[in-house]
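Subject: Structure handover

Hello,

The structure we discussed is below, with the sequence. My notes on what turned up in it follow.

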Amino acid sequence: MANNQAKKGVVIDYDAIANQESFKALVRRKNSFLWSMTAIFLMAYMLLPILTSYTTILHQKAFGEITWVWIYSAGLFIMTWGLCHLYVAKANSFDREAKAIIAEYENGGGRR
């Protein structure tokens with residue numbers, strides 16, 4: 001992108017973009033999403049060693065000789081794949097919003 005800007009002779013005022021209300025709203029939504037997902041998935045991962053070390057809840061048999069700890073552990077792998085897909089989808093939507101903010105700036109919306 002820097003090469004394209006240098007070729008076109010475009011100077012971008014990043015402070016002006018950062019001061020746009022649309023940019024601030026995007027940053028708030030993105031941070032809210034990232035911190036929420038981080039907390040949820042960290043709790044889910046940390047719960048496994050806590051439940052297996054200090055309780056016997058997951059030591060009960062679920063199906064035949066398979067205990068709940070195996071099911072919970074498999075669920076963590078599924079959850080990780082789900083997180084990856086969710087993150088990619090959200091990142092794509094954040095990228096579209098960022099492009100709209102840049103277009104707003106280029107049309108004079110964020111310039112002082």
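This is a predicted model: local features need pLDDT of at least 70, side-chain atom pairs count only at pLDDT 80 or more; totals for chains, interfaces and linings use all residues.

Overall figures

Of the 112 residues in the protein chain, 21% are buried. The chain exposes about 8500 Å², and carbon and sulfur atoms supply 66% of that area. Among contacts with a sequence separation of 6 or more, 61% are between residues 24 or more positions apart.

Nonpolar core

The largest nonpolar core has 17 residues, and Ile 17, Leu 48, Leu 58, Leu 76, Met 79 and Tyr 105 are those with the most contacts inside it. At least two residues of this core come from each of helix H2 (14-18), helix H3 (21-54) and helix H4 (68-106). H3 gives the most, with 7 residues.

Not counting residues up to four places away in sequence, Ile 17 touches Ile 12, Phe 23, Ile 101 and Tyr 105. Leu 48 is in helix H3. Leu 48 counts as buried because its relative accessibility is 17%, and the cut-off for buried is under 20%. With neighbours within four places left aside, Leu 48 is in contact with Leu 58, Val 69, Tyr 72, Ser 73 and Leu 76. As for the pair Leu 48 and Leu 58, 10 residues separate them in sequence, and the C-alpha to C-alpha distance is 8.8 Å.

Strand S2

Thr 67 lies in strand S2 (residues 66-67). Is Thr 67 buried or exposed? Its relative accessibility is 17%, so Thr 67 counts as buried. Leaving aside neighbours within four places in sequence, the contacts of Thr 67 are Leu 58, His 59, Gln 60, Lys 61 and Ala 62.

Largest pocket

The largest pocket holds about 180 Å³ of space. Its lining consists of Phe 23, Leu 26, Val 27, Lys 30, Phe 33, Leu 34, Tyr 87, Lys 90, Ala 91, Phe 94, Asp 95 and Ala 98. H3 and H4 each supply at least two residues of this lining. By class, the lining has 9 nonpolar and 3 charged residues, and no polar ones. Phe 23, one of the lining residues, is also among the residues that Ile 17 touches.

Regards

Conventions: Residues are numbered from 1 along each chain as its sequence is written. Side-chain values use heavy atoms; hydrogens and water are left out. A nonpolar core is a set of buried Ala, Val, Leu, Ile, Met, Phe, Trp, Tyr and Cys residues joined through side-chain atoms within 4.5 Å. Buried means under 20% relative accessible area, exposed over 50%, partly exposed in between (1.4 Å probe, protein chains only). Helices (H or I, at least four residues) and strands (E, at least two) are DSSP runs, numbered from the N terminus. Contact means heavy atoms within 4.5 Å. Accessible areas come from the Shrake-Rupley method with a 1.4 Å probe; for residues, only the protein chains shown count as cover. On a 1 Å grid over the protein atoms alone, a cavity is a set of points where a 1.4 Å probe fits but cannot get out, and a pocket is an open set with protein on both sides within 12 Å along at least five of seven lines; lining residues have an atom within 4 Å of a point. Grid points are joined across faces, edges and corners, and a volume is the space filled by probe spheres set on the points. Ala, Val, Leu, Ile, Met, Phe, Trp, Tyr, Cys and Pro count as nonpolar, Asp, Glu, Lys and Arg as charged, and the others, Gly among them, as polar.
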